[in-house]
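Subject: Structure handover

Hello,

Here is the structure for you to look over. My notes follow below it.

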Amino acid sequence: MPRDTQWLHDARWGVMTHFLARLPGPAIDDRVVTADEWNEQVDSVDVEAMADTLADLGAGYLILTLGQLSGHFCSPNAAIDRIGGITPSLCSRRDLPAEMARALRKRGLRLIAYIHSEPPHHEQCRDAFETTQAAREADRRRLGMQRKWQSVVAEWSARWGDLVSGWWIDGCYDPPMYKSLEEPNWHSFAAALRAGNDQSLLAFNHGIMWPPKSITDEDDYLAGEVDGAFFTGYWEGSRYCQVPAIYQGVRLHILSFLGTMWCQGEAPRFPDEFVIGYTKFIASRGGATTWDVPIERDCTIRETFMPQLKAIGQAVARASRP
């Protein structure tokens, strides 16, 4: 069923925060973060202040990480606890995404939830979630892992309903695993993600590809991950084409980072003119751009990035006026 992606273009741009117990990417961060420490960090987030900040900046939405492979998630989930058996649970007591979504909605903004395509790789639950190397080798399609993880995301989706307007699913590095006509597959994964909101927009990320492309017909918008080479068009034979609003059947969307890496850096890597120009360009083509920014432990945006974000918001607002 076609879903309305116009709101994503109307938003023009948004912010992504990697709110995690440990840093993502190549940085070495192998700290043991206890359940109590994680709950304290989640409890420290002021959702009203964050929503005010994003509204003041002129961003249209927030992509918020629920967690990654460490097993720490900023929302309770009975399926994770039941299947994985990590004790004490690394799912927070507080339902941060639900609270953040409500705070954003009051200001006319939306929440997109980030989740990885795989369950945690935490040593206490690798066997239960079938994420061990032996499990991978025994079952090429990893049927057990898929079914279990889909039950996890379905629980979140059913609880949040239309508070969550979309999902950005990371780590889909093995598309053939999902291509079977029999479930579990892309369609059952998408159904789980839309269990509470059949209008949720989905993007499945295969990593950095040039040019960016959609990997499943369940995509509603382009995952669009880029790092150093920014997408402006593509070749069809000998003809160069500017990127259209609906690209490969999905809404144009680009995601990159303003710091030195995802959620890292003390200062912007680009001049204001570049990020403003690129954000306006993608908006002019009918798409949206998401900028990942470094945050502090309580999810507040690092102060050194605020001037650039303000510049983006002001420029996009001026360009959007009749």
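Helices (H or I, at least four residues) and strands (E, at least two) are DSSP runs, numbered from the N terminus. This is a predicted model: local features need pLDDT of at least 70, side-chain atom pairs count only at pLDDT 80 or more, and totals for chains, interfaces and linings use all residues. Numbering starts from 1 along each chain as its sequence is written, and side-chain values use heavy atoms, with hydrogens and water left out.

Surface charge
E40 sits in helix α2 (residues 35-43). With D36, E37 and D43, E40 makes up a patch of negative charge on the surface. Such a patch takes residues with over 30% relative accessible area and no salt bridge, like charges being joined within 9 Å. Accessible areas come from the Shrake-Rupley method with a 1.4 Å probe. Asp and Glu count as negative, placed at CG of Asp or CD of Glu.

Salt bridges
The whole structure has 16 salt bridges (a side-chain nitrogen of Lys or Arg within 4 Å of a carboxyl oxygen of Asp or Glu). One of them pairs D95 with R159, with the closest N and O atoms 3.0 Å apart. D95 is in the loop between α4 (78-84) and α5 (96-105) and R159 is in helix α8 (residues 143-160), so the pair ties together parts 64 residues apart in sequence.

Backbone
Most residues other than glycine have a negative phi, and most peptide bonds are trans. E130 is not a glycine, yet its phi is positive, about 60°. E130 lies in the loop between α6 (126-129) and α7 (133-138). The bond joining E183 and P184 is cis, with omega about 0°. P184 is in the loop between β4 (164-170) and α9 (186-193). The peptide bond from W210 to P211 is also cis, omega being near -5°. P211 falls in the loop between β5 (201-204) and β6 (233-236).

Best wishes

Definitions and conventions:
Patch = residues over 30% accessible without salt bridge, like charges linked within 9 Å, V, L, I, M, F, W, Y side chains within 5 Å.
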